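Biologist: Please put the model up, and let us go through the terms one by one.

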Amino acid sequence: MHDDDLLVQSVALDGRLAIEGPLAAPAGAVTVLLGPNGAGKSTLLKALAGIEPARLEASLGGRELATLPAAERRDAFYYLPQLGNSQAALSVHEAVLLSYKTLHPGRVRPTDLARVEAALAGMGLEALAGRRLASLSGGQYQRVAIAQAVVRRPRILMMDEPTSALDLHQQLRVLEWLRAEADSGRTVLLALHDLNLAARFADRCWLLKEGRCRLAGPAGSCLTADHLEPLFDVRLEVDAGEDGAPRIQALGLRQRCVPGGEPLGSRAARV
Amino acid sequence: MSLEAAVSEVRPAPAESFRRQEARHRAWLLAGLGMLLVAFMADLLLGPGKHPPGQVLEALVTPEQAGPLVRITLWQIRLPTALLAVLAGAGLAVAGSQMQTVLDNPLADPFTLGLASAASFGAALAVVAGISLLPLAGHLAAAGNAFVFSLLAAGMIHLLSRLRGVGLDTLVLLGIATMFTFNALLGLLQYLASPDALQQLVFWSLGSLSRPSGLKLGLIAAVLAGTLIVSRRLGWQLGALRLGGIQAQAMGVRVARLRLGMLAAMALLTAVVVAAVGTIGFVGLVAPHMARLLVGEQQRHFLPLSALCGATLMCVADLASKLVVPGLVLPIGIITALAGLPAFFLLILRRRRPS
């Protein structure tokens, strides 16, 4: 077993999460969390990062997370929150440096600056390095947030909708970078909404709904119409693309709506 | 390709522009130090007493050759007062900076959060009514009471801020309510006080640099130095708070603990300053904004410059209190309020603009 393999047995957070494993996120793979809004994707990632106080039974490289010293756990995991913003009077360069220095406090050394440069270059932010955070667009801020994650080189990189505000070019740039990170042996977990991006970049999927895990396994076996249609309550067409990755197209809602009432499907699902 | 190459040649590399920015920030720190020295010297040389500045300067450089009157004026009145102005100004500015950082609210400072009023009431309780909450006497009793009450106010604000639905931006309203509460209590003390004690109460409500002592100076200097050292050690974590609570937590900062600890430290700093000089508003609010405007919010530049700005402002306010009305020394709290209120309005109006 690799040192950075993450294996989740169970996660419980009263009323919000009741996940029964095993869910595996092996080192060297991109694991994508899929599910409708409110399924618990963010909460699960936060629980793994130690931000949400959940009852957690999980191991990293065979070691129980609960027995891991707090400092080691903080250094090993990094959770990138959903699209945020900041009114801080900090430049992009300062913000990325700040992220690195919270991990390695003390004087700013030339090697620190080299790390920051590399992270900025990785996200194509060189031109924005001197800009204040408050002046950035949503997509630009998202890239800064990703650079803040990149610069720390966490063993387990968890990102919540990292591409939600990005244009097509930047989406692919970020995901290809994550692909390369995973290929170099890092453990990558992503919450994504775009099924086609998931199909293109995921090695493994965790399908979540209503705080529970419906299915976890290799992407190929998860990303089928049989599994995804009930997950999102939609009708889908899934073809095999030319390169082998599935192409997923939404055809419409799965159930008819009663005029003025609740969709039938959601009522049925709760029974 | 050639166009991109050309663009990257014109634009300095991030490393280079960062180095330039650092140099600029250091230059501002030096400039702040220079301004403080100028204001401090002016505060020493000018004032009532009809001693020409030249004579005062002589007394400063060669005290043994100066006349006894000018020597006493400088060494026993103006120098301690000016030192108290520097320390109190820096202390209020540091407390304001860290409250703004920790509570993520540009309107926070010891005055707007009611900490200063609480501390002022506590100190007045010791001096006027002779009630000491801690087993201390004299100025220490005043400082002790001030600390207990400002800690109480800070604790209340912290607890209320943790309630659901009370955002960090509502805090200033809570602070203003706290301020009114303790002002009313101070008024009650005033109503009950003897004419003699009434004189002293004016000191607490309007602020005054007029009774410096070695103990007051030493106490502020010690607490200020302590908070600066702690802030420097925690600088990166404090900076991360400005990125938002979740992001800071993701970076491994224990947000709730850091907030609470810093609030307590700032309550202590506010208390020792207020116990020495009474309520002097707006320095702690305006100085951090000046520093932020000049060097941004990297703690290692922001905090020292904020302290320098606060000290300079207080020296200038002291100077103004001596010079605005010839022959009369106005309470310094009135000067800072009159000069600081426009800045407060400006900040409120700027906040209303959608970000």
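Modeller: The largest cavity is lined by A:Leu80, A:Pro81, A:Gln82, A:Leu83, A:Gly84, A:Gln142, A:Ala145, A:Asp160 and A:Pro162. The model is predicted, with local features needing pLDDT of at least 70 and side-chain atom pairs 80 or more, while totals for chains, interfaces and linings use all residues. Residues are numbered from 1 along each chain, chains are lettered from A, and side-chain values use heavy atoms, without hydrogens and water.

Biologist: What makes a set of points a cavity?

Modeller: On a 1 Å grid over the protein atoms alone, a 1.4 Å probe fits at the points but cannot get out; lining residues have an atom within 4 Å of a point. By this rule there is one cavity of 30 Å³ or more. The largest cavity holds about 40 Å³ of space, a volume being the space filled by probe spheres set on the points, joined across faces, edges and corners.

Biologist: How many residues of the lining are nonpolar, polar and charged?

Modeller: Five are nonpolar, three polar and one charged. Asp, Glu, Lys and Arg count as charged, and Gly is among the polar.

Biologist: How many residues does each chain give to the contact?

Modeller: Chain A gives 35 residues and chain B gives 26, where contact means heavy atoms within 4.5 Å.

Biologist: How many salt bridges are there between chain A and chain B?

Modeller: A salt bridge needs a side-chain nitrogen of Lys or Arg within 4 Å of a carboxyl oxygen of Asp or Glu, and the count between chain A and chain B is zero.

Notes:
On a 1 Å grid over the protein atoms alone, a cavity is a set of points where a 1.4 Å probe fits but cannot get out, and a pocket is an open set with protein on both sides within 12 Å along at least five of seven lines; lining residues have an atom within 4 Å of a point.
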